[in-house]
Structures are given as structure tokens and as C-alpha cells.
Amino acid sequence: MSQKIGLRRDRHILRFGLFEADLETGELWRRGLTVPLQEQPWQVLSVLLDRGGGLVTRDELTRSLWPEGHHVDAEHGLNAAVNKLRDALGDSAANPRFIETVRRRGYRFLAPVHASRPSEGSRGRELLAALPFESAGGEADLEDFADGLTEEMMTRLGGLAPQRLAVIARTSVQQFKGRAPTADRLGEELGVDHVLQGVVRRSGERVRVSAQLVATADQTLLWAESYEHPLTDVFTLQRQITEDVAGSLARALLGEPVAAPSEPLPAPAARRKLLEGLRLFNERTQDSLAQALVHFRRAVEADPGYAAAHAALAGAHNMAVEYGLLAPQQGFSRARTAAEHALGLAPGLAEAHAELAFLRHRWDWDWDGAEAAYDRALELNSNLASVHRNRAEFLSQMGRHVEALEGVRQARRLDPLSRIVGAVEGWLLYHARRFEEAAEVARRICELDPRFPVAAFVLGRARLQQGRSEEAVEACRRAVELSGGSPFTLAGLGVACAASDRRQEAQVVLAQLTSPGRSAPETAPSPFLPAKVHLHLGGRAKALDLLEEACETRSSWMVDLGVDPELDPLRPERRFRRLLARMRLPG
């Protein structure tokens with residue numbers, strides 16, 4: 001007999017779509033009702049969930065189902081178990097929502113998975129998607145008002161009660177702007193418990209905002225309200241409506257009131273520049289990053305007291321070093337100044353703490369300080385997918401691959417449709433020597449967005465390690481083209497060409513890597529990058545010389561020294577081991 005969910009939040013629950021799986025008891029629920037599932041289909045599901053979207057081969061599943069190897073027809077038995085699982089989930093092999101068949105190889109779990117690991121006595125974190133507010137009428141100024149209201153709402157809700165309410169990041173929910181899938185469909189795509197939707201309408205010189213909160217499990221309307229105000233001071237009005245909605249949601253979801261924010265409203269021009277800068281920042285090309293820097297600077301100029309703009313400026317300077325737009329000393333120094341200024345204005349701003357963590361990680365090489373700063377940022381706001389992602393990269397470089405992959409998957413739960421989070425997950429799998437999974441993750445991102453350079457870069461690296469050199473070179477060339485020739489993509493192409501016996505092309509890339517930068521003519525790219533090309537051209541001594549130079553100049557890429565598979569031929573070398581010891585990195 002079907003029964004309602006009991007006190008399941010006291011155990012380890014994995015949520016995907018409308019389903020919840022209890023890994024301790026082996027139970028599966030859909031919309032609160034038990035889904036009968038036999039032992040072998042359940043075992044298939046648990047392995048797929050544990051892999052977090054990575055490829056699980058048929059051999060791995062067979063060994064999991066029959067560890068002793070005793071089965072007269074394992075092929076037929078595995079097919080039967082997968083089919084029974086698909087039936088239980090209402091899934092289809094031809095049009096999968098949950099289980100994708102990778103022909104001749106295995107299976108992959110497609111849906112975002114959200115883990116609930118509440119502390120004792122806690123009811124766990126609810127997961128909310130605040131969709132972009134829609135404007136009725138198509139007027140440009142009303143559209144701007146709706147966009148500003150959405151941004152204000154997401155910022156406010158993200159900091160409302162981070163330990164109890166997780167909010168999906170803007171990069172994922174923005175993809176639903178202009179389309180309105182049903183709440184249960186959103187639950188499946190984003191793995192959320194609740195959806196906030198809103199519409200903005202004009203009535204003469206007044207604006208009317210309607211908002212509603214819907215439970216994705218059964219599409220129950222939990223709360224709805226309308227607000228009507230004169231359309232005068234737009235930004236004060238957005239703040240007022242945001243506070244009304246936040247207060248109502250806090251009572252509906254958390255059962256308690258919330259305090260109003262203490263930070264002042266930013267200048268309208270500053271907020272516009274910040275939002276445009278964030279959009280460009282997420283494109284991850286040299287040109288878009290350079291433009292983002294300009295927008296963030298103008299945001300700070302328009303409102304010097306805008307702490308969030310200073311934190312964003314710090315992040316852009318940090319990333320400008322990685323992309324070869326600024327010399328490390330120059331870029332990281334500016335980033336530190338901006339982050340410290342942000343903390344002077346708002347000591348509890350998690351984003352500013354996160355940028356200082358990045359500096360301690362990439363520039364100071366203060367591993368204990370970096371981890372403490374990342375943890376402090378997440379303590380202040382655990383809803384920041386970017387902080388989970390950067391912290392996961394740090395853990396990977398420390399050789400803590402299991403923790404790193406769990407961290408990036410937490411970022412994916414908060415930002416399930418993010419291209420950069422997906423690409424970083426592939427990068428961390430690559431560092432963990434799980435090359436097949438890394439390639440599959442990167443390939444999926446490339447399919448979703450063929451113009452995203454970081455995914456092409458990761459795919460090229462993984463394909464090379466798989467011995468698929470032609471595909472590696474092709475992916476690396478695409479990454480260089482899409483990124484605008486960023487140094488790290490050039491280095492990837494150089495290594496792929498050298499390893500594929502395209503020595504002449506590798507030499508051309510090497511010349512580009514060692515020439516002054518287009519945007520930072522006073523500096524050439526980090527010696528770490530050409531070192532890898534020299535290594536794969538047979539110049540081991542030259543590669544070691546350049547790595548020692550990179551250590552002396554504190555190249556931020558040196559944090560990859562302990563885990564980069566392309567440096568594996570150097571690991572037996574005494575000079576290489578001395579570098580690892582000097583930096584206190586794993587070998």
C-alpha cells in the first residue's frame with residue numbers, strides 16, 4: 001500500500017525531478033508516494049546517481065549487480081534491470097529525461113541531482129527557482145523594470161536564509177526567460193522544490209506586479225499576491241516589492257519573518273553596469289572579459305559605495321590574469337584592492353571573501369588560508385555556485401579529488417544549466433584521471449553550446465589522454481578560435497599538436513605563446529604554459545627550466561603542478577619533485 005513520506009529529511013536523500021531516493025533505506029518516492037523498485041533496478045539507479053552525470057559503463061554496472069560474476073546471461077539481466085528502472089521513472093530510451101543510453105558503452109544520468117544532508121534537528125534546505133519576471137505588453141521600459149526586479153529578487157532571496165533555502169543561480173533560470181514550462185517540468189529540469197513566477201503590467205502611470213509560489217511536486221499554489229504602485233522611483237519600487245515578496249516567502253517556506261536588508265540601494269546606473277558586466281563575464285572569452293572589466297569599473301565610478309560592484313571588479317581582475325589580459329602582479333594587486341574595498345563597505349559580503357580566497361589560492365599559495373576563506377564565504381552564503389566551483393578547483397589541486405567532485409556537483413545543483421560549472425566538472429574529472437567521464441561531460445556542454453570555449457578546451461585535453469589525437473587537435477583549435485586566442489587554449493593546442501606529431505604547428509603555437517600579449521604587451525603568458533609544449537616536443541630540460549621560472553614569478557597556473565596529467569612524464573624527475581615540495585603540493 002502506498003504511503004506518505006515520513007521523516008525522510010533525517011536521512012541522506014537525493015532529489016531529481018519529482019523523485020526522491022533514500023540511499024540508506026533503498027526507497028524511492030514520487031510526489032510523496034512510494035515507488036516499488038526491485039533490488040537490481042535500485043542498484044542501477046544508485047550507481048548512476050553516485051556518478052553524478054558521468055558515464056557508467058555496462059561492465060561497471062554488471063560488476064555492481066553481480067560482484068561474484070555468477071550470472072548465466074549478464075547482458076540480458078542488465079538490460080532487464082535498466083528497463084524496469086525506466087518503467088518506474090516513467091522514462092523512455094528514445095526520448096530520455098533521466099537515463100541516457102550511450103551506444104555500445106553504457107548509461108548516463110541526465111537530470112540534475114540535489115542532495116539533502118540536513119544537520120540533526122534541521123528540516124533540510126528547500127530548493128527554489130526564482131524565474132525571470134515577465135513583462136506584459138512588450139514595452140522596453142517595462143522590460144527593463146522586470147529585469148531589474150528579477151535581479152533584485154534573486155539577490156535578496158539568495159541571502160534570505162542560506163542554511164534553509166537554496167536558490168538556483170541566475171545563469172540557469174535566465175534560460176527560461178520568455179518561456180513558461182510547467183512547475184513539474186521545472187522540477188525535473190532544475191531539481192527544485194518550489195518555483196517563484198511573476199508578471200509585470202502597466203496601468204497608466206502605475207505598475208502592477210503579480211507573483212506566485214508553486215510547489216513542483218504537485219503544482220500546488222502555495223502563495224500568490226499582487227502589488228500596485230505609482231511608477232515613479234523605479235529602483236526604490238523594485239526594492240519595496242522585493243521586500244514584500246521576500247517577507248511573504250519567508251513566512252510561507254520558513255515559517256518566520258525576516259529582517260530588512262541594511263545595505264543602501266545602489267545608484268541605478270551602477271546596477272545596470274554591474275548586470276551587463278556579469279552577463280559578459282560569464283561568456284568566458286578574452287573580449288567579453290575585457291568588456292566586463294570596463295562595465296565593472298563604470299559601476300564603481302557611478303556608485304563608489306556599491307560593495308557588490310567592487311567584489312565583481314575583483315573577480316574580473318582575478319580572471320583577467322588567467323586569460324592573459326593582465327600580468328599577475330598587476331591583475332592580482334588590483335583584485336586585492338577591490339576585494340578589500342568591498343569588505344570595508346560590507347564586511348559580510350560573501351562574494352568579496354570568495355575573491356580573497358581566490359587570491360590566497362592562486363597568488364599567495366596559502367593553502368590553509370585559501371580553504372578558510374572559501375569556507376568563510378560559504379558560511380556567509382552557501383547559495384553561491386561560483387564559490388562552490390572555485391573551492392572545488394582548489395580541492396582538486398590539493399589532490400582531494402573526491403571532495404572536489406562533490407563540491408562541483410553542489411555547484412551544479414545550485415546552477416544546473418551553467419556551462420562553466422559543467423566544464424569545470426569535466427576539468428576536475430580530468431585531474432582525477434577519469435578521462436572518459438571528463439570527455440563525456442565536456443562533450444555534452446559542447447552540444448548544448450557549441451560556442452563555449454572552456455568546454456572545447458576540456459574536451460581536447462581529455463581526448464588527448466584517451467589517445468584520440470585527431471579529435472583532440474580539432475577540439476583544441478576550436479577552443480583557441482572561440483576564446484579569441486587565450487593563452488591556456490593556445491597551450492592546449494600546442495601540446496595536442498606536439499603529441500600528434502604535428503611539430504611544425506606546435507612550434508608556431510609555441511612562438512605565439514612566448515610573444516608579448518595582445519592586451520598586456522608588457523608581459524608574455526606564464527612560463528608554465530609553454531613548458532608543457534616543450535615537454536611534449538621532447539624538451540624535458542627546457543620544460544623544467546620554464547617550470548622553475550614559473551615558480552619564481554608565482555604563475556597562478558603552477559597550482560596545477562601536482563595534478564596536471566600533461567606533466568606526468570616529469571614526475572620521476574628530481575627537479576620536478578623539488579618544485580612540488582617547495583609549493584607543498586601533492587605529487
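Start by selecting Arg-284, found in the loop between helix H8 (268–281) and helix H9 (286–302). Helices here are DSSP runs of H or I with at least four residues, numbered from the N terminus.

Before moving on, note that this is a predicted model: local features need pLDDT of at least 70, side-chain atom pairs count only at pLDDT 80 or more, and totals for chains, interfaces and linings use all residues. Residues are numbered from 1 along each chain as its sequence is written, and side-chain values use heavy atoms, leaving out hydrogens and water.

Back at Arg-284, phi is near 60 degrees, a positive value in a residue other than glycine. Arg-284 is buried, with a relative accessible area of 4% (buried is under 20%, exposed over 50%, partly exposed in between, with a 1.4 Å probe and protein chains only).

Next, select Arg-554, in the loop between helix H23 (540–552) and helix H24 (574–583). Phi of Arg-554 is also positive, near 55 degrees. Is Arg-554 buried or partly exposed? Arg-554 is partly exposed, at 28% relative accessible area.

Now for the second largest pocket, with a volume of about 920 Å³. A pocket is an open set of points on a 1 Å grid over the protein atoms alone, with protein on both sides within 12 Å along at least five of seven lines; lining residues have an atom within 4 Å of a point. The volume is the space filled by probe spheres set on the points, which are joined across faces, edges and corners. Select Leu-110, Pro-416, Leu-417, Arg-444 and Leu-448, the closest to the pocket's centre of its 30 lining residues. Finally, colour H17, which gives the largest share of this lining, 6 residues.

Note on methods: Helices (H or I, at least four residues) and strands (E, at least two) are DSSP runs, numbered from the N terminus. On a 1 Å grid over the protein atoms alone, a cavity is a set of points where a 1.4 Å probe fits but cannot get out, and a pocket is an open set with protein on both sides within 12 Å along at least five of seven lines; lining residues have an atom within 4 Å of a point.
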